[in-house]
Amino acid sequence: MVTLGIETSCDETGLALYDDRHGLIGQVLASQVALHERYGGVVPELAARDHIRKLPLLLRTLLERSGMELGAVDGVAVTAGPGLVGALMVGIGTARSLAWALQVPAIGVHHMEAHLLAHRLAPGTPAPQLPFVALLVSGGHTMLVLVRRIGVYEVLGRTLDDAAGEAFDKTAQLLDLGYPGGPAIEAAAREGVPGRCRFTRPMMNRPGLDFSFSGLKTQVRDRIGAQSPSAQTRADVALAFQQTVAETLAGKCRRALEMTGVADLVVAGGVSANTSIRLSLDEMARGTGARVHYPPPEYCTDNGAMVALTGNLRLAQPSQHNTELLPRPRWPLDELMPLTPDEP
Ligand code: KG4
Ligand code: ZN
């Protein structure tokens, strides 16, 4: 079964074809970074308009590159939420029209479930054992989730304020490093001198699995003060900020694994592309015997491949087909339908 996946929930237009027998057939991705850069963040109206502009051409490119006809598509999967409502509506409108024209089913995919399953896009790597813990760290979400089986998600902890990616973006803005903040901070931190700057790790001295990143942003603001910092100070602050986030995420993951007695940790979402965060998580795993699973770096940030893969799994079970495909800008992860237990 070949599924076309469409992702337009934020600032990436992603399309992909996924086959349950052969895996990923092809994918295309257009980033809107250049469009939003000058505003220091995503402008929802501009995002929606750009998705409208890019989708038809991207679909044609995807089919040409994959050597496939549109008629070979057996189902259409589209991100239905969470995300920006206007941006979601563009993808959903396209998916519904294509499904109607092709007389195939369409399904709405939960964006965070797609992130959570993106590690399956790395062929040949050992699969995590169920139940596993997932750390989802993106621009809009920061959550620790106990995955009992695919579709059965228990949220163990979440951010009380900013998401981890949002903290990277806002800190990069404070440091005048540009947008998106994650890669900009990672690049600046390479020039930083360790130990020159220190921040306290938020929420680590409190029990539980919730996160909070807005205080860390305030620590950064206090550290740089009113003057424009030198390039070296910005690098030192970027390094300390990144290290603090990395240690906080690793500390909370250790706690989640201990509390649940689970050995496998899946990490996903844009922030999981960060090398320093991966190193901290790997170090935690070496100390505890946990196994950490990551998506390939190119599938950490938003893409159509993870949506095609997730939709393919759900479309394989007719009971999962949504009769109503509408945008759900706020869609709690624990409201999803479980897949049947024999699903691997
Ligand atoms: O998953 P994603 O592409 O979109 C959402 O679903 O939000 O995540 C985007 C977020 C942005 O906040 C971006 O700054 C962050 O992921 N990000 C990173 C890195 N690459 C992207 N954060 C830290 N280090 C990175 N290398
Ligand atoms: Zn995302």
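Predicted model: local features only at pLDDT ≥ 70, side-chain atom pairs only at ≥ 80, totals over all residues.
The nonpolar cores come first. The largest one holds 59 residues. Leu 4, Ile 6, Leu 15, Val 76 and Leu 136 have the most contacts inside it. Helix H10, residues 304-315, gives the most to this core, with 7 residues.

Helix H5 takes part in both helix contacts described here. H5 (residues 164-174) packs against H6 (residues 181-189) at an angle of about 60°, and the two axes are 7 Å apart. H5 is therefore oblique to H6. Their crossing is left-handed. On the H5 side the contact is made by Phe 168, Asp 169, Thr 171 and Ala 172, and on the H6 side by Gly 181, Gly 182 and Ile 185. By class, these residues are 3 nonpolar, 3 polar and 1 charged.

The other partner is helix H8, residues 231-260, which packs with H5 at an angle of about 170° with the axes 11 Å apart. H5 is therefore roughly antiparallel to H8. Ala 167, Phe 168 and Thr 171 of H5 meet Phe 241, Gln 242 and Val 245 of H8. This contact has 4 nonpolar and 2 polar residues, and no charged ones.

The backbone has two cis peptide bonds to note. One joins Gly 81 and Pro 82, with omega at about -15°; Pro 82 is in the loop between strand S4 (75-81) and helix H3 (85-102). Another joins Leu 130 and Pro 131, with omega at about -5°. Pro 131 is in the loop between helix H4 (111-117) and strand S6 (132-137).

Gln 103 has a phi of about 60° and lies in the loop between H3 and strand S5 (106-110). Met 203 has a phi near 70° and lies in the loop between H6 and helix H7 (214-224). Are these residues buried or exposed? Gln 103 is exposed, with a relative accessible area of 65%. Met 203 has 12% relative accessibility and so counts as buried, since the cut-off for buried is under 20%.

Technical notes. Residues numbered from 1 in each chain as written. Chains lettered and ligands numbered in written order. Heavy atoms only, no water. Axes fitted to C-alpha atoms, helices over the stretch in contact; angles between N-to-C directions. Helix = DSSP H or I, 4+ residues; strand = E, 2+ residues; numbered from the N terminus. Parallel < 35°, antiparallel > 145°, perpendicular 65-115°, else oblique. Left-handed = near helix turned anticlockwise from the far one by under 90°. Contact = heavy atoms within 4.5 Å. Nonpolar A, V, L, I, M, F, W, Y, C, P; charged D, E, K, R; others polar. Core = buried A, V, L, I, M, F, W, Y, C linked by side-chain atoms within 4.5 Å. Buried < 20%, exposed > 50% of the residue type's maximum accessible area, 1.4 Å probe, protein only.
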